[in-house]
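Keep the coordinates open while reading.

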Amino acid sequence: MKILAIESSCDETAAAVVEDGRVIVSSVIASQVEEHKLYGGVVPEIASRRHCEAINGVVRQALEEASLTLSELDALGVTYAPGLIGALLVGVNFAKGLSLSTGLPLVPVHHLRGHIAANYLAHPDLKPPFLCLVVSGGHSHIVEVTDYTQMKVIGKTRDDAAGEAFDKAARTMGMPYPGGIHLDKLAEEGNPDAFTLPRPKVEGAPYDLSFSGLKTAVINLIHNASQKGVELPVADLSASFRKAVVESLLERFLKAAEDLHYHTLVLAGGVSANALLRRRTAEECQKRGWEIYYPPLALCGDNAAMIGSQAYYEYAAGNLATTALNARATMTIDF
C-alpha cells in the first residue's frame with residue numbers, strides 16, 4: 001500500500017511516499033530555517049506563507065522521485081494536529097483538495113504519533129507494545145504505546161518542553177536559531193559538572209516533568225554574570241544545562257518503565273537527536289538488559305515520511321477523514 005503524506009505543522013514543508021508503513025519510497029523537505037533564523041525563532045505568519053509557496057512543488061517532487069502518479073497511490077495522509085494553526089491549514093487543505101479531485105481516501109495523522117512512527121521506518125522489528133519518550137520543541141511526553149493507534153500519556157511537562165528549554169537557554173547564551181542543536185554540539189566540549197542547576201520535580205506526579213524553573217535558573221545565571229561583567233565558560237554551561245535536562249527526562253522515563261514493566265523503550269521527536277540523551281538512554285537500557293530504539297538523525301526532525309508511516313496504521317484501523325477535516329493547534333496524542 002502506497003501513501004502520499006504531507007507535513008506542514010511548523011516550518012518544514014514536506015511530502016513523502018511510504019509503502020506499507022515501513023518503506024520510504026521518496027521523501028522531500030523544504031526547510032525555512034535560514035529565513036526564521038533572522039528572527040531567532042519561527043514566525044507563524046511567514047511559515048504559513050512559505051508553505052503555500054512550497055507545497056505544490058514539494059508534493060510534485062515526492063511523486064516524481066517515487067516514479068508514481070496520483071492514480072497509482074492508495075491513500076493520502078496529512079498532519080492535522082497539533083502545530084501552528086496557519087501552517088497546518090495549508091497542508092490539510094491541500095490534502096483535502098487532492099482527495100476530492102482524485103477520490104483517494106484521506107487519513108488524518110497526529111504529529112506526535114508520526115514522530116513515534118519514524119522508528120518503524122528505521123527498525124523493521126519494532127512493534128508495540130513499548131514505552132516512548134516523545135521530546136520536541138513543543139512537547140515532552142512519556143507515552144504507553146499499546147498498539148499502533150492505541151496510546152496513553154502517563155507523564156508530560158507541566159510547563160515548558162525540553163526542546164523549548166534548550167532553545168531558550170541557547171539563545172540567551174548567544175547561539176543562533178535553532179539553538180538546541182548548537183548547544184548540544186558545544187556541550188560535547190564542556191564540563192557537565194561545572195555548574196549546579198536545579199532538577200525540578202512535580203509533587204504527587206512521579207512521571208511528570210517541569211523545565212520552566214531550570215530554564216529560568218540558567219537565564220538568570222547568565223544575566224547576573226553579564227551585569228557583573230563576568231564571562232561565563234559557555235561550553236561548560238551548555239554541558240551542565242544539557243545534563244540537567246537529560247537527567248530529568250531519563251529519571252522519569254526509566255521509573256515509568258520499571259513501574260509499568262516495559263523492557264522495550266523508544267525515543268522520538270526532535271530532541272531525540274540530542275547526543276547525550278541517546279548515549280545515556282542506551283547505557284541505562286544496556287545495564288538492565290532492555291531494548292532501546294531511536295530514529296536516525298534524518299528522521300528526528302519534522303518530515304512527511306513519519307506521517308506516511310503512521311497513516312498506514314491509522315488507515316488499517318479505519319481512522320479516515322472526510323473533506324470536513326479541520327486543523328487543530330492543540331490535541332492530545334491519546335484521543
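Helix H3 (residues 85-102) has 18 residues and spans 25 Å from its first C-alpha to its last. That is close to the 26 Å expected at 1.5 Å a residue, where the expected span is 1.5 Å times one less than the number of residues. Helices (H or I, at least four residues) and strands (E, at least two) are DSSP runs, numbered from the N terminus.

This is a predicted model: local features need pLDDT of at least 70, side-chain atom pairs count only at pLDDT 80 or more, and totals for chains, interfaces and linings use all residues. Residues are numbered from 1 along each chain as its sequence is written, and side-chain values use heavy atoms, with hydrogens and water left out.

Buried means under 20% relative accessible area, exposed over 50%, and partly exposed in between (1.4 Å probe, protein chains only). Contact means heavy atoms within 4.5 Å.

| Helix | Buried residues | Cover includes |
|---|---|---|
| H3 (85-102) | Ala-87, Leu-88, Val-90, Gly-91, Val-92, Ala-95, Lys-96, Leu-98, Ser-99 | S1 (2-7), H2 (44-66), S4 (75-81), S5 (106-110) |
| H5 (162-172) | Ala-162, Gly-163, Ala-165, Phe-166, Ala-169, Ala-170 | S6 (130-135), S7 (140-147), H6 (179-187), H7 (212-227), H8 (234-260) |

Seen down the axis of H5, its buried residues fall within an arc of 160°, so they line one face of the helix. The arc is that of the directions from the helix axis to the C-beta atoms. A glycine with positive phi follows H5: Gly-174, near 90°. Just after H3, Gly-103 has a positive phi of about 85°.

**The second largest pocket**

A pocket is an open set of points on a 1 Å grid over the protein atoms alone, where a 1.4 Å probe fits, with protein on both sides within 12 Å along at least five of seven lines; lining residues have an atom within 4 Å of a point. The second largest pocket has a volume of about 170 Å³. Of its 13 lining residues, the closest to the centre are Lys-243, Val-246, Glu-247, Leu-276 and Arg-280. H8 and helix H9 (275-288) each give two or more residues to the lining. H8 gives the largest share, 7 residues.

**Ala-194**

Ala-194 sits in the loop between H6 and H7. It is partly exposed, with a relative accessible area of 36%. Ala-194 touches Asp-236 and Ser-240, not counting residues up to four places away in sequence. Its C-alpha lies 9.8 Å from that of Ser-238, 44 residues apart along the chain.

Methods: Grid points are joined across faces, edges and corners, and a volume is the space filled by probe spheres set on the points.
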